[in-house]
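Thanks for coming. I will take a few minutes to go through one chain, so please have the view open.

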Amino acid sequence: MGAKIPKPIKLEVIRKWLEGKSRNKIAKEVGIGAGTISGIIQEFRQNDPEFDLLREVAVSSKIKALT
């Protein structure tokens, strides 16, 4: 089993996810595996049932700000 991911890294992953970045792009930027990114996202989904809705609103707001 892999090493425990530090909280600052998890928060960076979540911030990038909420910005609308893809799992693979986040993995490349942060320097950890895409599977680890998926695990972090899944962990946050389990702790917050509205997590995906939050991402949808964040991405939608970002798109509207660009137009």
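**A walk through the chain**

Let me begin at Gly-33, which is found in the loop between α2 (23–30) and α3 (34–47). Bear in mind that this is a predicted model. Gly-33 counts as partly exposed, because its relative accessibility is 38%. From Gly-33 to Asn-47 is 14 residues in sequence and 22 Å in space, C-alpha to C-alpha.

Now the whole chain. The C-alpha atoms fill a box of roughly 45 × 25 × 20 Å along the principal axes. Of the 67 residues, 19% count as buried. The chain exposes about 4,800 Å², and carbon and sulfur atoms supply 57% of that area.

Next, α3 itself. This helix has 14 residues and reaches 20 Å from its first C-alpha to its last, close to the 20 Å expected at 1.5 Å a residue. Which residues of α3 are buried? They are Ile-37, Ile-40 and Ile-41. Seen down the axis of α3, these buried residues fall within an arc of 95°, so they line one face of the helix. An α-helix has 3.6 residues a turn, so residues three or four places apart point the same way. On the other side of α3, Gly-35 and Gln-46 are exposed.

What do the buried residues of α3 pack against? The partners are α1 (7–18), α2 and α4 (51–66). Take Ile-41 as a case: leaving aside neighbours within four places in sequence, Ile-41 is in contact with Ile-14, Trp-17 and Phe-51.

That brings us to the largest nonpolar core, which is made up of ten residues.

One more residue, Lys-16, has its place in helix α1. Is Lys-16 buried or exposed? Lys-16 is buried, because its relative accessible area is 9% and the cut-off for buried is under 20%. Not counting residues up to four places away in sequence, Lys-16 touches Lys-21, Ile-26, Glu-29 and Val-30.

Last, the contacts over the whole chain. Among those between residues at least 6 apart in sequence, 50% join residues at least 24 apart.

Methods. Residues are numbered from 1 along each chain as its sequence is written. This is a predicted model: local features need pLDDT of at least 70, side-chain atom pairs count only at pLDDT 80 or more; totals for chains, interfaces and linings use all residues. Side-chain values use heavy atoms; hydrogens and water are left out. Helices (H or I, at least four residues) and strands (E, at least two) are DSSP runs, numbered from the N terminus. Buried means under 20% relative accessible area, exposed over 50%, partly exposed in between (1.4 Å probe, protein chains only). The expected span of a helix is 1.5 Å times one less than its number of residues. The arc is that of the directions from the helix axis to the C-beta atoms. Contact means heavy atoms within 4.5 Å. A nonpolar core is a set of buried Ala, Val, Leu, Ile, Met, Phe, Trp, Tyr and Cys residues joined through side-chain atoms within 4.5 Å. Accessible areas come from the Shrake-Rupley method with a 1.4 Å probe; for residues, only the protein chains shown count as cover.
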